[in-house]
Amino acid sequence: MKKDSKEFPILIAHDGPLNGNRWAIQDEISIGRDPSCTVVFSDRQVSRFHAKIKFTDSEKVYLEDLGSKNGTFLNGEMISGPQLLNDGDLVKIALIQDFLFLKSDVTLPLSEKKHTRVGRLLIDRRARRVWVNEQEVIPPLSVQQYKLLLCLYEHEGEVLTRELVIQSVWGIEQNLGITEQALDALVRRLRDRLAEFDPQNNYLITVRGFGFRLENPLYEKE
């Protein structure tokens with residue numbers, strides 16, 4: 001039996017012509033230029049029937065290229081056969097459209113936010129969705145930006161060392177080649193994204209010589 005409708009996996013478009021759109025993967029969605037597809041492009045770089053995403057009875061989700069001319073990519077690699085999708089995977093269609101795959105579409109209505117948290121920044125961990133100043137961050141943060149923000153959010157008010165932040169974002173085994181310049185660049189990009197929704201507050205505070213902390217301003221009580 002498939003999941004409740006609020007817990008279906010979802011596909012979110014960003015950095016492309018379909019930016020901001022999202023689709024619940026209840027069974028199978030088709031991607032292509034043909035009007036019968038679930039996700040329809042007008043760009044001729046996309047094949048008529050380019051790719052499909054299938055939600056199986058075992059509640060696993062697979063991405064498959066349908067013999068497209070310009071390819072389907074998973075986390076930067078062109079695929080040739082069905083590929084299992086994992087939470088946070090990035091899918092690219094013909095190098096013109098990026099999608100973010102999330103395991104569920106659990107939402108937290110904005111009207112309920114102040115009853116659970118009074119900070120201006122809110123993260124719904126299950127759905128990997130972020131709100132700033134009562135606005136959802138659309139298009140979604142990149143995977144690395146989200147990991148950085150979540151790491152600081154879960155330790156709000158604490159100063160985290162640069163080493164700990166790097167491990168949280170890139171993983172213990174992958175962080176050996178990560179420079180401090182790469183971390184600083186990621187912090188700047190995340191600051192810029194948050195400033196799009198709340199330019200009055202600086203959520204990411206740099207503690208010189210040590211690391212970073214999250215400052216989550218409170219709403220004024222009515």
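**Salt bridges and overall make-up of the predicted model**

A search of the whole structure finds 12 salt bridges, a salt bridge being a side-chain nitrogen of Lys or Arg within 4 Å of a carboxyl oxygen of Asp or Glu. The structure is a predicted model, in which local features need pLDDT of at least 70 and side-chain atom pairs count only at pLDDT 80 or more, while totals for chains, interfaces and linings use all residues. Residues are numbered from 1 along each chain as its sequence is written, and side-chain values use heavy atoms, with hydrogens and water left out.

The protein chain contains 4 helices and 17 strands. Of the 222 residues in the protein chain, 45% are buried; buried means under 20% relative accessible area, exposed means over 50%, and partly exposed lies in between (1.4 Å probe, protein chains only). The protein chain exposes about 12,000 Å², and carbon and sulfur atoms supply 47% of this area. Accessible areas come from the Shrake-Rupley method with a 1.4 Å probe, and for residues only the protein chains shown count as cover. Among contacts in the protein chain with a separation of 6 or more, 47% are between residues 24 or more positions apart, where contact means heavy atoms within 4.5 Å.

Strand β5 (residues 51-55) contains Lys 54, which pairs with Glu 28 of strand β3 (residues 28-32).

Another salt bridge joins the side chains of Lys 52 and Glu 64, with an N to O distance of 3.9 Å. Lys 52 lies in strand β5 and Glu 64 in strand β6 (residues 61-65), so that distant parts of the chain, 12 residues apart, are linked. Relative accessibility is 24% for Lys 52, which counts as partly exposed, and 26% for Glu 64, which is likewise partly exposed.

The side chains of Asp 98 and Lys 92 also form a salt bridge, at 2.5 Å from N to O. Asp 98 counts as buried, with 15% relative accessibility, whereas Lys 92 is partly exposed, with a relative accessible area of 25%. Finally, a network of salt bridges links Arg 22, Arg 129 and Glu 136.

Terms used. Helix = DSSP H or I, 4+ residues; strand = E, 2+ residues; numbered from the N terminus.
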